[in-house]
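This report describes a single protein chain for a reader who has not seen it before. The sequence and structure come first, and the description follows.

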Amino acid sequence: MLSLPEEILLLLLEDEGGRFVHVPELSMRCVLSGAVLMELALADRIDTDPERLFVVDAKPIGDELLDPALRKITASTESRDAGYWVSQCARMSEDTKRIALKRLVDHGILDQVEDKFLWVFRSRRYPLIDGSAEREVKLRIMDILLSDQIPGPRDVVIVGLVDACGLFKHLLSEREHKRSRDRIRQVRRMDLIGRVVNDAVREIEASLAMALHPPF
């Protein structure tokens, strides 16, 4: 089973060319951070309430994608809320992205291609080798949005994180997005820790937007 960071990256990947849909850097960092925290929650290592995020089991998972965040939270001597930990773990998002992409390459889902630019600078693409994993994630999301079934915990998390980074506008047509808004909101509120983490991601993004574009 793919991890939440891996599934998020597959959803961000364009169908052709192996490049990623443009998402603001802070959004990407926060969403990957939220995905790591939610994996820790699903592994029964952390929990949260509206005031704080706390460790319920400090035992390492043995996963280089998750254990650094768990160690960081466990080492804290102060009580902090989910927003604080989303911002702290976002600082590790480059490592999260690197590890998740390497796993997708190792799984044979993506290829890694280096492109030269002006014979000096390099850019990296990740063309799909096996598109079944990407299709499976997208089909799961569409099935949830177009039905009234109760989604599983992982799917609630995926819907919340995709919505938090504004990715639905790339996955859905404008008409589909408008029609699905109420359902997205409904699914997003189904899980307490998912709700708290996703709200923290959205609040951080809103704060940055306000700082960059203050009202007159």
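Which residues have the most contacts inside the largest nonpolar core? They are Ile8, Leu9, Ile46, Leu104, Ile141, Val162 and Phe168, in a core of 55 residues.

## Basis of the description

This is a predicted model, in which local features need pLDDT of at least 70 and side-chain atom pairs count only at pLDDT 80 or more, while totals for chains, interfaces and linings use all residues. Residues are numbered from 1 along each chain as its sequence is written, and side-chain values use heavy atoms, with hydrogens and water left out.

## Overall layout

The protein chain has 10 helices and four strands. Both kinds of element are DSSP runs numbered from the N terminus: helices are H or I with at least four residues, strands are E with at least two. Their order along the sequence is α-α-β-β-α-α-α-β-β-α-α-α-α-α.

Of the 216 residues in the protein chain, 44% are buried. Buried means under 20% relative accessible area, exposed means over 50%, and partly exposed lies in between (1.4 Å probe, protein chains only). The protein chain exposes about 11,900 Å², and carbon and sulfur atoms supply 52% of that area. These areas come from the Shrake-Rupley method with a 1.4 Å probe; for residues, only the protein chains shown count as cover. Among contacts with a separation of 6 or more, 64% are between residues 24 or more positions apart; a contact means heavy atoms within 4.5 Å.

## The largest nonpolar core

A nonpolar core is a set of buried Ala, Val, Leu, Ile, Met, Phe, Trp, Tyr and Cys residues joined through side-chain atoms within 4.5 Å. The largest one has 55 residues. At least two of its residues come from each of α1 (4-12), α2 (25-42), α3 (67-75), α4 (82-90), α5 (93-106), α6 (132-145), α7 (153-164) and α9 (174-188). The most come from α2, which gives 10 residues.

Ile8 is in contact with Val31, Leu32, Ile158, Leu161 and Val162, leaving aside its neighbours within four places in sequence.

## Helix α6

The 14 residues of α6 should span 20 Å at 1.5 Å a residue, and its end C-alpha atoms are 20 Å apart, which agrees. The expected span is 1.5 Å times one less than the number of residues.

Ala133, Glu134, Val137, Ile141, Ile144 and Leu145 are the buried residues of α6. They cover an arc of only 115 degrees around the axis, so they lie on the same side of α6. That arc is taken from the directions from the helix axis to the C-beta atoms. The buried residues pack against α1, α7, α8 (168-171) and α9. On the other side of α6, Arg135 and Leu139 are exposed.

## Individual residues

There is one aromatic pair. Rings of Phe, Tyr and Trp (its six-membered ring) pair if their centres lie within 6.5 Å; planes under 30 degrees apart count as stacked, over 60 as edge-to-face and the rest as tilted. The rings of Tyr84 and Trp85 have centres 4.9 Å apart and planes at 85 degrees, so this pair is edge-to-face. Tyr84 is partly exposed because its relative accessibility is 27%, whereas Trp85 is buried at 3%.

Asp44 lies in the loop between α2 and β1 (46-48). Its phi is near 60 degrees, a positive value in a residue other than glycine. With a relative accessible area of 55%, Asp44 is exposed.
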